[in-house]
Amino acid sequence: KLLLVGNSYSEDASSCGQGMTQSQLLDILQAMLGEDVEVVVGLCYSGGKGLNWHATQADQGKASQSLRVISSKGKWTSKGTMVLCDALEWTDWDVVSLQHYRINVKTGRESVSYPAQTDEKFYKLEVASEYLLDYIDQHAPQADVYFYMHWAPTSTIAMNAAKSTYNTWAEFFPE
């Protein structure tokens, strides 16, 4: 059971775009784990938002993330708009994936595209990330947490620089 928390890039990763009834991610996981294992993929997202926005919404208890779910041999179904804790407690997720923007890893600051909806205490990526890690531990303590970073189509040089920065920043979180 995998829950992706993020924005439209997590939607892309889950294959849950407009008109999509199936999920390539679910198919890949099903092939890896075998047909006798029930696979569930959840997508808790809001388009265009960074981790700072998700942290703010969770901290303020606002029902503002949409949850969609697909399971083995099923189709995407909407579970509605909810507070992040409700999405985390919807089932016993094995994995929770947090998705941020590529540029935010390089700068260490999250997007402030939605300042009226984002508490400035979460502007630093490490603060928003730490808060969300603790929040997930409270509401889905059984889940392993991973960071998902999309790669924008740029030059190989820019991609290698971003990867280097990401690896350096990722050392902030010990295993």
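Modeller: Let me begin with a term: a residue is buried under 20% relative accessible area, exposed over 50%, and partly exposed in between, using a 1.4 Å probe and protein chains only. This is a predicted model, in which local features need pLDDT of at least 70 and side-chain atom pairs count only at pLDDT 80 or more, while totals for chains, interfaces and linings use all residues. Residues are numbered from 1 along each chain as its sequence is written, and side-chain values use heavy atoms, with hydrogens and water left out.

Biologist: Okay, is Leu-88 buried or exposed?

Modeller: Leu-88 has a relative accessible area of 1%, so it counts as buried. Leu-88 belongs to helix H4, residues 84–88, where helices (H or I, at least four residues) and strands (E, at least two) are DSSP runs numbered from the N terminus.

Biologist: And how far apart are the C-alpha atoms of Leu-88 and Ala-140?

Modeller: Their C-alpha atoms are separated by 5.7 Å, although the two residues are 52 residues apart along the chain.

Biologist: Switching to H2, which residues are buried there?

Modeller: In H2, which covers residues 24–33, the buried ones are Leu-25, Leu-26, Leu-29 and Gln-30. Seen down the axis of H2, these buried residues fall within an arc of 130 degrees, so they line one face of the helix; the arc is that of the directions from the helix axis to the C-beta atoms.

Biologist: What does the face turned away from the buried side carry?

Modeller: That face of H2 carries the exposed residues Gln-24, Ala-31 and Met-32.

Biologist: Now the strands, how do E2 and E3 pair?

Modeller: Strand E2 (residues 40–45) and strand E3 (residues 65–71) pair in the antiparallel sense over six bridges, where pairing requires that DSSP finds at least two bridges between two strands.

Biologist: Last topic, how many disulfides does the structure hold?

Modeller: The structure holds zero disulfides, a disulfide being a pair of cysteine sulfur atoms within 2.5 Å. Cys-44 counts as buried because its relative accessibility is 0%, and Cys-85, at 16%, counts as buried too.
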